[in-house]
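Biologist: Please put the model up. I'd like to go through it with you.

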Amino acid sequence: MLLELQPYSEKPIYEQLMLEIKRGIVTGELVPGEALPSVRMLATDIGINMHTVNKVYKQLQQAKVLVKKKNGFIVNPEPLKPTEDAMTGISERIYELMIEKALYGITDDEVLFLMKNVNLTRKEH
């Protein structure tokens with residue numbers, strides 16, 4: 001899986017990495033049951049701290065996106081159901097987007113257009 005991290009972004013690297021792993025799952029680059037690289041290997045490959053990768057893997061495990069196995073982490077082979085924390089996080093992000101929508105006078109149709117045209121296979125900046 002190709003990870004697109006932006007070291008000079010305002011978004012912290014751990015948040016970018018978490019989103020990239022989720023994107024990989026959504027786009028099929030990572031499939032249910034697939035093993036992820038070890039913490040050490042991924043940290044070395046992308047040039048970030050091992051503790052950052054470990055933090056991401058642990059948070060994704062807590063969200064049930066990843067499952068811990070004796071050899072490392074795998075993509076959860078079971079269909080995901082949103083946890084209460086996931087629903088809270090989604091609700092908070094929607095709230096922030098609705099504030100932006102109102103602030104700039106963006107119509108519902110424009111929001112729907114943007115949602116339908118998001119390219120999940122690569123990030124657009």
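Biologist: Which residue does Glu29 form a salt bridge with?
Modeller: Arg23, with the closest N and O atoms 2.9 Å apart. A salt bridge here is a side-chain nitrogen of Lys or Arg within 4 Å of a carboxyl oxygen of Asp or Glu. Bear in mind that this is a predicted model: local features need pLDDT of at least 70, side-chain atom pairs count only at pLDDT 80 or more, and totals for chains, interfaces and linings use all residues. Residues are numbered from 1 along each chain as its sequence is written, and side-chain values use heavy atoms, with hydrogens and water left out.

Biologist: What else does Arg23 form a salt bridge with?
Modeller: Glu20, again with the closest N and O atoms 2.9 Å apart. Glu20, Arg23 and Glu29 are therefore linked in a network of salt bridges. Arg23 and Glu20 both sit in helix α1, 3 residues apart, about one turn of the helix.

Biologist: Is Arg23 buried or exposed?
Modeller: Arg23 counts as buried, because its relative accessibility is 9%. The cut-offs are under 20% relative accessible area for buried, over 50% for exposed and partly exposed in between, with a 1.4 Å probe and protein chains only. Glu20 is buried too, at 1%. Glu29 is partly exposed, at 32%.

Biologist: How many salt bridges are there in the whole structure?
Modeller: The search finds 3. One of them joins Lys101 and Asp108, at 2.9 Å from N to O. Lys101 counts as buried at 17%. Asp108 counts as exposed at 51%.

Biologist: Back to α1. How many residues does it have, and how far does it reach?
Modeller: Helix α1 covers residues 13-27, which is 15 residues. From first C-alpha to last it reaches 21 Å, close to the 21 Å expected. The expected span is 1.5 Å times one less than the number of residues. Helices are DSSP runs (H or I, at least four residues), strands likewise (E, at least two), and both are numbered from the N terminus.

Biologist: What do the buried residues of α1 pack against?
Modeller: They pack against α2 (39-46) and α3 (50-62). Among those buried residues are Leu17, Met18, Ile21 and Gly24. Just after α1, Gly28 takes a positive phi of about 85°.

Biologist: What is Tyr57 in contact with, leaving aside neighbours within four places in sequence?
Modeller: Ile21, Leu36, Pro37, Ser38, Val39, Leu42, Leu66 and Phe73. Contact means heavy atoms within 4.5 Å.

Biologist: Surface next. Which residues make the nonpolar patch?
Modeller: Met87, Ile90, Ile94 and Met98, over about 360 Å². Patch members have over 30% relative accessible area and no salt bridge; like charges are joined within 9 Å, nonpolar side chains (Val, Leu, Ile, Met, Phe, Trp, Tyr) within 5 Å. Areas come from the Shrake-Rupley method with a 1.4 Å probe, and for residues only the protein chains shown count as cover. Met98 lies in helix α4 (residues 84-104) and is partly exposed at 43%.

Biologist: And Ile99, where is that?
Modeller: Ile99 is also in α4. Ile99 is partly exposed, at 44%. Its C-alpha lies 35 Å from that of Val67, 32 residues apart along the chain.

Biologist: Last one. How many helices and strands does the chain have?
Modeller: It has 5 helices and 2 strands, in the order α-α-α-β-β-α-α from the N terminus. The C-alpha trace spans about 50 × 35 × 25 Å along its principal axes. Of the 125 residues, 22% are buried. The chain exposes about 9300 Å², with 57% of that from carbon and sulfur atoms.
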